There are 2 protein chains.
Amino acid sequence: MPLDRPLARYIDQTVLTPTAGEEEIRSGALAAREAGFAAFCISGWLVPAAAEVLQGSQTAAAAVVGFPLGFQQTPVKAFEAGRAVEDGAREIDMVVNRGLLRQGDGARLRDEIRAVVESSGRAAVKAILETSDLAAGEILRACDLAVEAGAAFVKTSTGFFGAGADEDTVRLIRERVGLRAGVKASGGIRTLDQALLLIRSGADRLGSSSGLEILAEWSAFRSAD
Amino acid sequence: MPLDRPLARYIDQTVLTPTAGEEEIRSGALAAREAGFAAFCISGWLVPAAAEVLQGSQTAAAAVVGFPLGFQQTPVKAFEAGRAVEDGAREIDMVVNRGLLRQGDGARLRDEIRAVVESSGRAAVKAILETSDLAAGEILRACDLAVEAGAAFVKTSTGFFGAGADEDTVRLIRERVGLRAGVKASGGIRTLDQALLLIRSGADRLGSSSGLEILAEWSAFRSAD
């Protein structure tokens, strides 16, 4: 399968260990920058350290918001996103409120996502659904709401709970959003095979803490040609 | 073992399922109020629904902050706590930043906890350490910092990751904080035996999503006397 850009440009390298500190994040950001990943995805308090290293590069600092459970008040998520952008985040990975979705409050969920989109300014917002916790109908509804609210991507999973991204779910989301939004697959992606399969299923971003290993596999595969 | 108050007054009944909605929280709050639990612990967006039901009762609405990973920026946690208190929370269960702790930034961690204490006003703040992720020395240091920052309780765990509260850890924390703070044991507490053991080890609060079951066991045990 031909890729439309280098594999690294599909990957959001991710470090969300709660004990990670600033030194680890600076060296992770440097490696992400050198690899040319699309983004380096970290927690809010580590955005300043990552953004400093990534400044002027093609790798965006991406901050998680409402992560990983998504059950904060809307203004809290908006404040968190705004702060991350002030600190240098160029992308925001937010977890949507599944309680609102489950109780059928579509308008309130759309307002929540829109509030985060607005406070994120020019930063692209990815709406994380945690699909393993949702029925197919809920996934489809959440896709529509995220797109209507202005999210740039629909993202499958946090990687902290349940099953991560699978082929069928990525295809379901891609079919629903079409060209209206990007699709980010995440959760449990650790090998080149998985990465290529998910791209083939419609993902244009992959979240993984094994980005460097996947790139190394890719280089080995191509040099074996 | 004689308890110094009814068992229900030791228990923070907890509902933190990310798909929980307002109806479930209202009925949970009503049950918590009728049982006379010390608190009913929920996520931020559900505080208004819970607080409405709990108003005027002896059961406090307790909101989680920075939950469950604790890696947000300090002003984000402070904002989240302030908003929860405005919405009716009388207690705040915040997760401390273990990255700061791990990299030896005690003063910054103390400032973080203090910022949450200040924005929580009269609401009691519980500092959640996630002890299963920490070395004994880190637990002791975090206890001191939490007490210095004005936390009302040191709490063991989120219940989402790693092992929950165990006897030895509760005893370690109690010995360190003495009478300077309360100790809340949480994570995996599902039976009366566990509850009594943890109280005997020094806990004066227990976080559990099985509070009603534990109380029922306790009633059965006492009526069998």
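Visitor: Which strands does helix α9 of chain B lie across?

Guide: In this predicted model, helix α9 (residues 211-223) lies across β1 (11-14) and β8 (205-208), all of chain B. Helices (H or I, at least four residues) and strands (E, at least two) are DSSP runs numbered from the N terminus, and contact means heavy atoms within 4.5 Å.

Visitor: And what is the angle to β1(B)?

Guide: About 135°. Axes are lines fitted to C-alpha atoms, for helices over the stretch in contact, and angles run from 0 to 180 degrees between N-to-C directions.

Visitor: How many strands make up the barrel in chain B?

Guide: Strands pair if DSSP finds at least two bridges between them. Here 8 strands, β1 through β8 in order, form a closed barrel with parallel pairing. From one strand to the next, the twist averages 25°.

Visitor: How many bridges join β3 to β4 in chain B?

Guide: There are 4, between β3 (residues 60-65) and β4 (residues 91-95), which run parallel. For B:V65, the bridge partner in β4(B) is B:M94.

Visitor: How many cavities of 30 Å³ or more are there?

Guide: The general idea is that rolling a probe the size of a water molecule over the atoms shows where empty space is left. A cavity is a set of points, on a 1 Å grid over the protein atoms alone, where a 1.4 Å probe fits but cannot get out; lining residues have an atom within 4 Å of a point. The count is 3.

Visitor: What lines the largest cavity?

Guide: Residues from chains A and B, including A:R83, A:D87, B:Q73 and B:V76. Helix α3 (residues 74-86) of chain A gives the largest share, 3 residues.

Visitor: What lines the second largest cavity?

Guide: Among them are A:F67, B:F67, A:E80 and B:E80. That lining divides into 3 nonpolar, 4 polar and 2 charged residues (Ala, Val, Leu, Ile, Met, Phe, Trp, Tyr, Cys and Pro count as nonpolar, Asp, Glu, Lys and Arg as charged, the others, Gly among them, as polar).

Visitor: What pLDDT does chain A average?

Guide: Chain A averages 97, with 99% of residues scoring at least 70; pLDDT is the predictor's confidence in each residue, from 0 to 100. The model scores ipTM 0.97 and pTM 0.97.

Visitor: What are the ground rules?

Guide: Residues are numbered from 1 along each chain as its sequence is written, and chains are lettered from A and ligands numbered from 1 in the order written. Local features need pLDDT of at least 70, side-chain atom pairs count only at 80 or more, and totals for chains, interfaces and linings use all residues, while side-chain values use heavy atoms, leaving out hydrogens and water.

Terms used
1 Å grid on protein atoms, 1.4 Å probe; cavity = no way out; pocket = protein on both sides within 12 Å on 5 of 7 lines; lining within 4 Å. Points joined across faces, edges and corners; volume = space filled by probe spheres on them.
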